[in-house]
Amino acid sequence: MKVTVVGAGAVGASCAEYIAIKDFASEVVILDIKEGFAEGKAMDLMQTASLNSFDTKITGSTNDYSKTAGSDVCVITSGIPRKPGMTREELIGINAGIVKMVSASLIKHSPDTIIIVVSNPMDTMTYLVHKTTGLPKERIIGMGGALDSARFKYRLAEALGAPISDVDGMVIGGHSDKGMVPLIGKAVRNSVVVSEFLSEERMEQVVQDTKVGGATLTGLLGTSAWYAPGAAVSAMVQAIACDTKKIFPCSALLAGEFGLSDLAIGVPCVLGANGIEKIVEISLTDAEKAKLAESAEGVKKTNGLLEL
């Protein structure tokens, strides 16, 4: 299993680190446009191998896509990160050109690869890769829902005073502060719905805190977060590499599922060796359907800013 991560910044380096530490890949290639940067990150990470007990080979490359040849999975993190007060949508002008170039370069050397898109605005960048590469739709996956759901579970555990291993929940919809749809009605603590433990007011607070999870961290850090995004990507890559058939909410291109078409948005997906092996059309309440439809309109509006 060979994995390429494009972008050696904080998110890309975290992706590479978590993938390597889990020791399911034979090789991870980190690529960046900054001279020597990816090579330095790769060397630094390789010097942790004996300490963290992994055998994955990590190599770095300055803009040489031939080094990525034969990659089973490629992760695109490249582009500018958010700064405080900036929305994900405001990144579209710069990041669209970068993502388009990167995806074409990756496919040239790895035509059978599966692409995971992390760059923001993530749903629109995923849609862009669908529209410009010609890859089968199951092999293009947006990361956002896996990260949003991890943040949701963090907030749920916090509200419940429970260990996070006791909590499960899912976020669907667009990967944006307004577009996320945390499914609070389906969230559980060890199979018991959280409404058994939390008031309506506290559950609404969990939902709102989840939706601004990224913005909260950007305000505190001065840039986008990186640990949780890296962990979310590594979990998805592991599901593909090990063919686990695990369900993640991912940004997938829809063709009628949930009543939506011609957009990529977060929905429950079974991930395996072929990428998105199935979109799971879970039942939604009328309120959840309305929120998902509203989120879809927001994603389509952002997609309209693309120059396809």
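Which residues is Ser 78 in contact with, leaving aside its neighbours within four places in sequence? Ser 78 is in contact with Val 6, Gly 7, Ile 98, Val 99, Val 102 and Ser 119, where contact means heavy atoms within 4.5 Å. This is a predicted model, in which local features need pLDDT of at least 70 and side-chain atom pairs count only at pLDDT 80 or more, while totals for chains, interfaces and linings use all residues. Residues are numbered from 1 along each chain as its sequence is written, and side-chain values use heavy atoms, with hydrogens and water left out.

Ser 78 is found in the loop between strand S4 (73-76) and H4; helices (H or I, at least four residues) and strands (E, at least two) are DSSP runs, numbered from the N terminus. With a relative accessibility of 11%, Ser 78 counts as buried, a word that stands for under 20% relative accessible area, with exposed for over 50% and partly exposed for what lies in between (1.4 Å probe, protein chains only). Ala 187 has its place in the loop between strand S9 (180-182) and strand S10 (188-189), and Ala 187 is buried, at a relative accessible area of 0%. Not counting residues up to four places away in sequence, Ala 187 touches Phe 152, Leu 156, Asp 168, Gly 169, Val 192, Val 193 and Val 194. Leu 263 belongs to strand S13 (residues 261-272) and is likewise buried, its relative accessible area being 0%. Leaving aside neighbours within four places in sequence, the contacts of Leu 263 include Tyr 127, Leu 254, Val 299 and Asn 303.

The table sets the separation in sequence beside the C-alpha to C-alpha distance.

| Pair | Apart in sequence | Apart in space |
|---|---|---|
| Ala 187 and Asp 168 | 19 residues | 5.8 Å |
| Ser 78 and Ser 119 | 41 residues | 6.1 Å |
| Leu 263 and Val 5 | 258 residues | 25 Å |

**Helix pairs**

Two packed helices are described by the angle between their axes and the distance between the axes. Helix H4 (residues 92-109) packs with helix H5 (residues 122-133) at an angle of about 45°, and their axes are 10 Å apart; axes are lines fitted to C-alpha atoms, for helices over the stretch in contact, and angles run from 0 to 180 degrees between N-to-C directions. H4 and H5 are therefore oblique to each other, given that angles under 35 degrees count as roughly parallel, over 145 as roughly antiparallel, 65 to 115 as roughly perpendicular and the rest as oblique.

Helix H6 (residues 144-160) and helix H7 (residues 200-211) pack at about 145°, with axes 9 Å apart, and their crossing is right-handed. The contact is made by residues including Phe 152 and Leu 156 of H6 and Val 206 of H7.

**Rings and charges**

Rings of Phe, Tyr and Trp (its six-membered ring) pair if their centres lie within 6.5 Å, with planes under 30 degrees apart counted as stacked, over 60 as edge-to-face and the rest as tilted. By this rule the count comes to one aromatic pair. The rings of Trp 226 and Tyr 227 have centres 5.5 Å apart and planes at 50°, so this pair is tilted. Trp 226 is partly exposed, at 23% relative accessible area, while Tyr 227 counts as exposed, at 52%.

Lys 34 lies over the face of Phe 37, at 4.8 Å from the ring centre, and Arg 189 lies over the face of Phe 197, at 5.7 Å from the ring centre; a charge sits over a ring if NZ of Lys or CZ of Arg is within 6 Å of the ring centre and within 35 degrees of the ring normal.

How values were computed:
Left-handed = near helix turned anticlockwise from the far one by under 90°.
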